[in-house]
Amino acid sequence: VRNVYIHDLTLDAKYQYDPNNPKGNGNSTLWAYYVSDLMLERIEHKNAYWRTMITPGSVGCGGQCIQENVIIRNNIFWGIPLTVGGIRNLAIENNIFYGASVAPDHNSMLDFSYGEYQDSYIYNAIVKGNIFYRSHRHPYSRVEWLAAVAGFIRVVGATWIGNTFIDPDRIAIHIQDVTAPNTTLDVRGVEIIGNTIIGESKTEKGIVVNQKNVIIKGNYIENVYGPAIDVNKGEAVIEGNYIVNTSSAGIWVSDARVSIIGNVLKECAMSRDKCIVLDGTSAYCTIIGNKLYRSVTTYLPNAINTPASNGYNVVMGNVAEGQWGTKYDTHSTDVVIGNI
């Protein structure tokens, strides 16, 4: 089907929770299979046990499960995940995602992972200007999954820009490293730019990256347990982010190659870990021109810590002001120049 425009509706699945019948009497608000040139606009999705789905409808189609030109904008999703897969040219703009999923098995508010079950890709996606508000896990949740954004699987060319996450549960944005059986993983050209993440008591991490070819730039992350930015077994540029008030590290890099440039970290590592950490097989990283400030003395971590890495990093031109146990604790093979 092509050229479909659905707009100005309320879709109510009339879900009612029944412990003897977890699916209740409502399933999904909308499923779209093999639909190209699709626009969903000004729709209120509510009371669905399952999810709103835009994806090919059959498994194992040899990489041919591709829809084109899908625009999802100005919608409201009341506790309903939006799951997308198998789409070329996708725009998800100015939507409001409110509250956790009512489905115990699907606690992601926006999930790009469904394409892995279709042998298909997401090409050329933009997620822009959306609000994700209070995505706490369902009280009957049977799986540990992400309650804010479940991340990218098999994605080529995607940008997250200018989204706001208020009180996400566990992780706001996650670029994962898991796949379904007998599938391959391909993430290329992903940018996470200018997003705001404000945590509360349940927020574990801000941005988690387990892939290569990722730019994390200009994001504001406040009040997460930490790390605020966690790069594990990937490659990333981490530039110009403003990170405030983390219990654990501000930036943690493990088994990865990264450039950490021009970030501001304020009141990070308040109760454990260090502020910027390289460990595992991390090596040949650059940590340049970052500003770190910490006012309290109850716990004194290192500002920048690299001895647990494989070394050969450049630590240059950073400023660590305030209360630190050790400002710069580096690997013997690191190049350490001009830090204050």
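Colleague: In which strand is the place of Thr 10?

Modeller: Thr 10 is found in strand E1, residues 2-12; strands here are DSSP runs of E with at least two residues, helices are runs of H or I with at least four, and both are numbered from the N terminus. The model is a predicted one, in which local features need pLDDT of at least 70 and side-chain atom pairs count only at pLDDT 80 or more, while totals for chains, interfaces and linings use all residues. Residues are numbered from 1 along each chain as its sequence is written, and side-chain values use heavy atoms, with hydrogens and water left out.

Colleague: How many helices and strands are in the protein by that criterion?

Modeller: The protein has 35 strands and zero helices.

Colleague: With which residues is Thr 10 in contact, leaving aside its neighbours within four places in sequence?

Modeller: They are Glu 44 and Lys 46, a contact being heavy atoms within 4.5 Å. Thr 10 also lies 6.3 Å from His 45, C-alpha to C-alpha, although 35 residues separate the two in sequence.

Colleague: What share of contacts between residues at least 6 apart in sequence join residues at least 24 apart?

Modeller: For the protein, that share is 62%.

Colleague: Why does Ala 125 count as buried?

Modeller: Buried means under 20% relative accessible area, exposed means over 50%, and partly exposed lies in between, with a 1.4 Å probe and protein chains only. Ala 125 has 7% relative accessibility and therefore counts as buried. The residue belongs to strand E11, residues 122-128, and its contacts beyond four places in sequence are Leu 90, Phe 112, Gly 157, Ala 158 and Thr 159. Of these, Ala 158 is 4.5 Å away, C-alpha to C-alpha, and 33 residues away in sequence. Across the protein, 51% of the 340 residues count as buried.

Colleague: What makes a set of residues a nonpolar core?

Modeller: The members must be buried Ala, Val, Leu, Ile, Met, Phe, Trp, Tyr or Cys residues joined through side-chain atoms within 4.5 Å. The largest such core has 65 residues, and Ile 54, Ile 72, Leu 90, Phe 112 and Val 231 touch the most other members. Not counting residues up to four places away in sequence, Ile 54 touches residues including Leu 30, Leu 38, Val 70, Ile 72 and Ile 87. In soluble globular proteins, nonpolar side chains tend to be buried together.

Colleague: What makes two strands a pair?

Modeller: DSSP must find at least two bridges between them. Strand E17 (residues 187-193) and E20 run parallel and are joined by four bridges; Ile 193 stands opposite Lys 217. E20 and strand E23 (residues 235-239) also run parallel, with four bridges, and Ile 216 has Ile 238 as its bridge partner in E23.

Colleague: What makes the contact between Arg 134 and Asp 167 a salt bridge?

Modeller: A salt bridge requires a side-chain nitrogen of Lys or Arg within 4 Å of a carboxyl oxygen of Asp or Glu. Arg 134 and Asp 167 meet at 3.9 Å, N to O. The pair links distant parts of the chain, from strand E12 (residues 131-135) to strand E15 (residues 164-168), 33 residues apart. Arg 134 is partly exposed at 37% relative accessibility, and Asp 167 is buried at 2%.

Colleague: How far apart are the closest N and O atoms of Asp 230 and Lys 205?

Modeller: They are 2.8 Å apart, and the two residues form a salt bridge. Asp 230 is buried, with a relative accessible area of 9%, and Lys 205 counts as buried at 17%. By this rule the count comes to 11 salt bridges, and Arg 2, Asp 37, Glu 68 and Arg 88 are linked in a network of them.
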